Amino acid sequence: MTGIGLILAIGVPIVVGTFAAVFGYWVSKTASRKRLEQSEQEAARVLAAAQEQAAALRREAEAANRQEWERERLKFESETAATRRELAR
């Protein structure tokens with residue numbers, strides 16, 4: 001084998017192997033970055049949905065509390081009115 005043939009026989013596989021390794025690393029990093037971005041977007045979407053659900057539950061609880069407060073107020077007013085009528089006799 002001549003000098004150039006030997007260089008080609010050894011050098012080409014090294015260059016091709018190095019290129020393949022660099023390309024594989026780049027593809028892996030790109031895929032990892034994309035998965036990370038998708039995961040972050042999914043996390044943001046889930047968080048927004050959870051916050052909206054919590055807000056809806058809070059609104060429901062506040063409405064139920066207002067209704068309960070109104071029922072108790074009306075009950076108290078009717079009881080005090082009855083007591084006043086009895087005391088006025």
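This is a predicted model: local features need pLDDT of at least 70, side-chain atom pairs count only at pLDDT 80 or more; totals for chains, interfaces and linings use all residues.
Residues are numbered from 1 along each chain, and side-chain values use heavy atoms, without hydrogens and water.

**Overall form**
- The protein has one helix and zero strands (DSSP runs: H or I of at least four residues, E of at least two).
- Its radius of gyration, taken over C-alpha atoms, is 38 Å, well over the 12 Å from the globule rule for 89 residues, so the protein is more spread out than a compact globule. That rule is 2.2 Å times the number of residues to the power 0.38.
- The C-alpha atoms fill a box of roughly 130 × 10 × 5 Å along the principal axes.

**Exposure**
- Buried residues make up 1% of the 89 residues (buried is under 20% relative accessible area, exposed over 50%, partly exposed in between, with a 1.4 Å probe).
- Isoleucine 4 lies in helix H1 (residues 3–88) and counts as exposed at 62%.

**Salt bridges**
- The structure holds five salt bridges (Lys or Arg side-chain nitrogen within 4 Å of an Asp or Glu carboxyl oxygen).
- Glutamate 42 pairs with arginine 45 at 2.4 Å, N to O.
- Arginine 73 pairs with glutamate 70 at 2.3 Å. The two sit three residues apart in helix H1, so about one helical turn separates them. Shared partners join Glu70, Arg73 and Glu77 into one network.
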